[in-house]
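Hi there,

Here is the structure I promised to pass on. Have a look at it first, and then read on for my notes.

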Amino acid sequence: AKEASKNASTVTLKEVRLGLNVGKSDLDRLMKQAAGFLDKGHRVKLFMRLKGKDFYTSQDQASEILAKMASSLEAYGAVENPAELVGRSTNIFLSPLGKKKKGEKAASKDEAAKDGDGKEKKAKKDKKDKPVDPPKDL
């Protein structure tokens, strides 16, 4: 039992809070932040609190914003459950992709490094994080 607890990895939950009237640049920043958390192996909770009359009038809009953001982050993590209303907040949980996806990514880089003759060519340095495309409908 001690060995199992030593080898067990702890997964932390990171929360990304959004407002209902989030701007495009803020949404881009929050998506990059969430993508970084997922790359590091953390679970991510996309969280939107509905205040005042927004709770009664904008529940569908809040769910749509979170769903679009979650679909933009599919390259980094899988959606555990669809957007759900809990009290006055709407949540979506994302879990990081398995390690095999990262291995496939490394294998594809090795294949890209070789040209048609089987010779290896110099690989260009890729940026650490690939850009995250924001939802187009906002």
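Is Leu85 buried, exposed or partly exposed? At 40% relative accessibility, Leu85 counts as partly exposed (buried means under 20% relative accessible area, exposed over 50%, and partly exposed in between, with a 1.4 Å probe and protein chains only).

A word on the ground rules. This is a predicted model, where local features need pLDDT of at least 70 and side-chain atom pairs count only at pLDDT 80 or more, while totals for chains, interfaces and linings use all residues. Residues are numbered from 1 along each chain as its sequence is written, and side-chain values use heavy atoms, with hydrogens and water left out.

**Overall layout**

The protein chain has five helices and five strands, and from the N terminus on its elements run α-β-α-β-α-α-β-β-β-α. Helices (H or I, at least four residues) and strands (E, at least two) are DSSP runs, numbered from the N terminus. Of the 138 residues in the protein chain, 28% are buried. If you take the contacts between residues at least 6 apart in sequence, 66% of them join residues at least 24 apart; contact here means heavy atoms within 4.5 Å.

**The core**

The largest nonpolar core has 24 residues, and Val16, Val44, Leu46, Met69, Leu73 and Leu94 have the most contacts inside it. By nonpolar core I mean a set of buried Ala, Val, Leu, Ile, Met, Phe, Trp, Tyr and Cys residues joined through side-chain atoms within 4.5 Å. At least two residues of this core come from each of β1 (13-18), α2 (24-39), β2 (43-49), α4 (59-72) and β5 (89-96). The largest share, seven residues, is supplied by α2.

Not counting residues up to four places away in sequence, Val44 touches Leu13, Lys14, Val16, Ala34, Phe37, Leu38, Ile92, Phe93 and Leu94. Lys45 lies in strand β2 and is buried, with a relative accessible area of 16%.

**Helix α2**

This helix has 16 residues and reaches 22 Å from its first C-alpha to its last, close to the 22 Å expected at 1.5 Å a residue (the expected span is 1.5 Å times one less than the number of residues). Which residues of α2 are buried? They are Leu27, Leu30, Met31, Ala34, Ala35, Phe37 and Leu38. Because they cover an arc of only 155° around the axis, they are on the same side of α2; the arc is that of the directions from the helix axis to the C-beta atoms. These buried residues pack against β1, β2, α4, β3 (77-79) and β5. The face of α2 turned away from the buried side carries the exposed residues Ser25 and Lys32.

Within α2, Met31 counts as buried, at 0% relative accessibility. The C-alpha atoms of Met31 and Leu73 are separated by 7.4 Å, though the two are 42 residues apart along the chain. Just after α2, Gly41 takes a positive phi of about 95°.

**Around Phe55**

How many aromatic pairs does a search of the whole structure find? It finds one aromatic pair: Phe55 and Tyr56, edge-to-face, at 5.1 Å centre to centre with 80° between the planes. Rings of Phe, Tyr and Trp (its six-membered ring) pair if their centres lie within 6.5 Å; planes under 30 degrees apart count as stacked, over 60 as edge-to-face and the rest as tilted. Phe55 counts as buried at 16% relative accessibility, whereas Tyr56 counts as exposed at 63%.

The charged end of Arg88 sits over the ring of Phe55, 4.4 Å from its centre. For that label, NZ of Lys or CZ of Arg has to be within 6 Å of the ring centre and within 35 degrees of the ring normal.

Now back to Leu85, which lies in strand β4 (residues 84-86). Leaving aside neighbours within four places in sequence, Leu85 is in contact with Leu50, Phe55, Gln59 and Thr90. Leu85 and Arg49 are 36 residues apart in sequence and 9.6 Å apart in space, C-alpha to C-alpha.

Ser58 lies in the loop between α3 (54-57) and α4, and counts as buried at 9% relative accessibility. Not counting residues up to four places away in sequence, Ser58 touches Leu20 and Leu50.
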